[in-house]
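Please look over the model shown here. The briefing after it goes through the chains, their contact and some local features.

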Amino acid sequence: MSRDAIAGLVVFAASVVLFALTLDLKDSPLVPVGPGFYPRIVLGLTALLSLGLVVGELLGRPRRQPPDAGLRDVEAPVAPAARPNYLLVALSFGVFGLYCAALPTLGFRIATFAYVFGSSVLLSRPRSAKGWAGALVLGLATSFLTWLIFERELSVLLPRGRWTDF
Amino acid sequence: MFDLLATALVNIAQFKYLVPLFCGTLAGVIGGALPGVTITMTIIVVLPFTFGLDPLQGLATMTGVYVGGSAGGLVTAVLLGLPGTPSAIATTFDGYPMAKKGEPGRAIWLGVWASFFGGLLGGAFLILATGPLARIALEFGPWEFFSLFIFALSMVAGLVEGSLAKGLVAGALGLIVTILGNDPVMGQKRLTLGIPALEGGIDFLPVLIGVFAFAQTMTEVERMGGGRKALAAVETGVKLTVSHLKVIWEIVSRPVLLLWCSFIGVLIGVLPAIGGSAASMFAYDQAKKISRRPQLFGSGVPEGIIASESSNNANVGGSLVTIMAFGIPGDAVTAVMLGALTIHGIQSGPLFIQQNAQLAYGIFAAYLLAHVLMVIILGLLARVMLRIVSVPKAALFPVVLVLCVIGAYALNNTMSNVYILLAFGVLGYAMVKFGFPLAPFILGVILGDQIEINMIRAVMTDPDPWLFLTRPISGGLLVASVLSVAFAVWQHRRQQKKGIKPVEDDADF
């Protein structure tokens, strides 16, 4: 089964499940249609469209799209086609997930320093002491400057850590 | 109208507004010049900086980003052959050959001044058309608004290149996001999936930030280590000095080209979710068609640069019209601006210009002044820009994502928006990998609540569903929706028959 058909099936399954959940919603006496009315239309339409995608794909009508067809931000046209580094993407998402988890416990300043340092090292492993120092300075500078600009200058609150209390 | 504009120009020229406008324009020029960083990402990064500012300061900053970004892409497009933004792709066709022929200064300044004049023509349309269009929209009832939003959504889904089915599914997925959490009419809980964070519904800004920031950064991350040419080795000693009067004369002596390409830019800007890239490509194609020497296009002719750059900056004016008159974002940048308005408690849509005349004219003034600042910034920094664009992405991307976290967190000071950002970041990247367009998805997320609210209002006013079809404007818009999808189906089939490979959708949404 092709990638598009799988995507269509996932969307179809999700819309059917959500549609079933809307059947439990009680109608409101104040409006002629209840809170489930519009979601049922949307979910029914989505189920039909995704089913159309699956059927169309199985019948072989739509052509396969290039992998980045959804992204409008075109990069340099001369960039050589390299094999996508999905491991790096997965690790980057993982590190970002850890950052999100650390924010409420360690607080913005420590978590941001650790994230920026860790992420920049992950994306481009330093090959010298100067490179490591650069990553360290980047982490410290980002953490300090964002805190200074947002919390001190613009009065935008940043996450505080339960463990660190700042 | 002109009194208000003059007052707004004087107001925006004050230090208090000029500094954020300058900073925004500078950020836009730099973001636009960085290959792989688009105007959308730049405005997402700038968004949290506007939270602590007053509404006009914030919107002036964003307008500056938009104007600066639309022109910034031309620097690398001309000097390196690498378009900084999708809207500068067409500029490379003639800008880069002209620079290679030993006229980099002429190529750059043709682009800068064409952006300036195109932008001003777009500004004239913005100022003159927003009010009358908003007055027309004021006559709309819930039936018409419902149909207008459906029309916008169907047009975006239909206009995406590639698979129409995927465009429609993406739009429907965007609508699903808005039905999770609560009912926007009565506030009743629904489809929370047992997640407390969903009980208040999902804010569209963390969704938008997550989808675009991750879709773009992770697509770049997956290419890292692929042997891409480093920009650091670029020649930065190029001479960019030119006679500005001569360059300006080269542009204004082609009034038909300038006006027609700016008109194309404005028109495409008014249509939701078709960005500057489509405008510049279409304008380039038109310039070639109306030229007496089309065979020279691509070899470094000034017409190619003028067409591309005038249209992509005029496009900004068109995009701002739709958001200010109808509350429908013309692209991702105006979608973020819409979010910024919401944060400051300002309702966009037809009443915006009437209820917030000072703010609306402030945006017009900021738009006009941003073009002047853009010329100054590019004049001072064009050469330095080549050094700026060599900043390593390993350093840039973590900082960008930290700013995205701040933007999401600061919306209501809760971590739930940060988790939503992450969840939609994963979804956005997955959508890109599965070839689903992001534009209809985002428009679905933005318009979903309004579609539901207007539908329920219409039914509450009169339960007759035929009114959606029998009221002339509403019916006309619904017919137009069907026609736009039918046209897209016809176009896709025709392309299939001819064996034309669909072009990647380059809209800046």
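The notes below are grouped by topic.

The model is predicted. Chain A is built from 5 helices and 0 strands, and its contact with chain B draws on 71 residues from chain A and 79 residues from chain B.

**Chain A overall**

- Along the sequence, the elements of chain A run in the pattern α-α-α-α-α.
- Chain A has 166 residues, of which 36% count as buried.
- Of the contacts in chain A between residues at least 6 apart in sequence, 63% link residues at least 24 apart.
- The mean pLDDT of chain A is 85, with 87% of its residues at 70 or more.
- Residues 64-79 of chain A have pLDDT below 50, and in the model this stretch makes 46 contacts beyond near neighbours in sequence.

**The contact between chains A and B**

- Chain A contributes 71 residues to the contact and chain B contributes 79 residues.
- On the side of chain A that touches chain B, the elements giving two or more residues are α1 (3-22), α2 (37-58), α3 (86-106), α4 (108-123) and α5 (129-153) of chain A.
- The most comes from α2(A), which gives 11 residues to that side.
- Sorted by class, the side of chain A that touches chain B holds 47 nonpolar, 19 polar and 5 charged residues.

**Helix α5 of chain A**

- With 25 residues, α5(A) spans 34 Å from its first C-alpha to its last, which is close to the 36 Å expected at 1.5 Å a residue.
- Its buried residues are Ala135(A), Leu138(A), Gly139(A), Thr142(A), Ser143(A), Thr146(A) and Phe150(A).
- An α-helix has 3.6 residues a turn, so residues three or four places apart point the same way.
- The cover over the buried residues of α5(A) includes α4 of chain A, along with α3 (39-50) and α17 (393-409) of chain B.
- Phe144(A) also lies in helix α5 of chain A. Is Phe144(A) buried or partly exposed? Phe144(A) is partly exposed because 13 other C-beta atoms lie within 10 Å, whereas a buried residue needs 20 or more.
- Phe144(A) and Phe108(A) are 36 residues apart along the chain, and their C-alpha atoms are 9.8 Å apart.

**Helices α11 and α13 of chain B**

- Helix α11 (residues 255-270) and helix α13 (residues 302-326), both of chain B, have axes that come within 6 Å and cross at roughly 35°.
- The crossing of α11(B) with α13(B) is right-handed.
- The residues in the contact of α11(B) with α13(B) comprise 13 nonpolar, 12 polar and 1 charged.

**Thr192 of chain B**

- Thr192(B) sits in the loop between β2 (189-190) and α9 (204-221) of chain B.
- Thr192(B) counts as partly exposed because 16 other C-beta atoms lie within 10 Å, a number between the limits of 12 or fewer for exposed and 20 or more for buried.
- Leaving aside residues up to four places away in sequence, Thr192(B) touches Gly181(B), Leu198(B) and Glu199(B).
- Thr192(B) and Leu180(B) are 12 residues apart in sequence, with a C-alpha to C-alpha distance of 5.9 Å.

Methods
Residues numbered from 1 in each chain as written. Chains lettered and ligands numbered in written order. Predicted model: local features only at pLDDT ≥ 70, side-chain atom pairs only at ≥ 80, totals over all residues. Axes fitted to C-alpha atoms, helices over the stretch in contact; angles between N-to-C directions. Helix = DSSP H or I, 4+ residues; strand = E, 2+ residues; numbered from the N terminus. Left-handed = near helix turned anticlockwise from the far one by under 90°. Nonpolar A, V, L, I, M, F, W, Y, C, P; charged D, E, K, R; others polar. Contact = placed C-beta atoms within 7 Å. pLDDT = per-residue confidence, 0-100. Expected span 1.5 Å × (residues − 1).
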